[in-house]
Amino acid sequence: MKRATLLHSTDSKPNEYWFPWLQSYLEQKGYEVYAPLLPNNIVPNRHTYENFLKTSGWDFSDNLLIGHSSGATTVLNLLQSDWFPSVKASVLAGTFLNEKLTKDADWVMKGQFDNLFPDSYKPTAMLEKCSTFYFVHGSDDPYCDIADAKDLSDKLHGTFITIQNGHHLGKASGIVALPQLTDMLEKDHIFE
């Protein structure tokens, strides 16, 4: 059975933005898709998310793992967790690695992301769990630094897909489909 996991962004739901389109696309490719509503997601917490996902009953082995924004951070956190199995490929959209661009934003609550990020990212540990990474990033993302995402992509030998004027690939972008991603996954035979 082919399986995929979709992890949404902060203060969001799995049925928003381009997630419904991608879930439908994956299901047409024969995937069973797990797209949970992450708990207390207005204040994403890596420990809360990890406990929730660990006890979900979902088999993460050999999944196509996809996360957007803080969901992408969650993918990276999972790949550094001892209990988490190896996966087929990971897709990180609007990769949120730090608060560099958001720390002074008026919409960010004090302490909102204090328990999201690890002390450090460990590419070697992540590569032990996943050998194939795709990064999807808006050219003009105002929240997540594209240079930081490209740097991590290089360290993970990832494929980087830039969406021109894609903003943060969320509500403000108006993007409801990401054919640039699925075309690349098709080209690389990920769906087989």
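Helices (H or I, at least four residues) and strands (E, at least two) are DSSP runs, numbered from the N terminus. The model is predicted: local features need pLDDT of at least 70, side-chain atom pairs count only at pLDDT 80 or more, and totals for chains, interfaces and linings use all residues. Residues are numbered from 1 along each chain as its sequence is written, and side-chain values use heavy atoms, without hydrogens and water.

**Exercise 1.** Find which residue just after α1 takes a positive phi, and list the buried residues of α1.

Solution. 
- Buried means under 20% relative accessible area (1.4 Å probe, protein chains only).
- In α1 (residues 19-28), F19, L22, Y25 and L26 are buried.
- Down the axis, these fall within an arc of 125°, so they line one face of the helix. The arc is taken from the directions from the helix axis to the C-beta atoms.
- Their packing partners are β1 (2-7), β2 (31-34), β3 (64-68) and α6 (179-187). Contact means heavy atoms within 4.5 Å.

**Exercise 2.** Classify the packing of α1 and α6 by angle.

Solution. 
- Axes are lines fitted to C-alpha atoms over the stretch in contact, and angles run from 0 to 180 degrees between N-to-C directions.
- The two axes come within 11 Å and cross at roughly 25°.
- Angles under 35 degrees count as roughly parallel, over 145 as roughly antiparallel, 65 to 115 as roughly perpendicular, the rest as oblique.
- α1 and α6 are therefore roughly parallel.
- W21, L22 and Y25 of α1 touch P179, T182 and E186 of α6.

Technical notes
Buried < 20%, exposed > 50% of the residue type's maximum accessible area, 1.4 Å probe, protein only.
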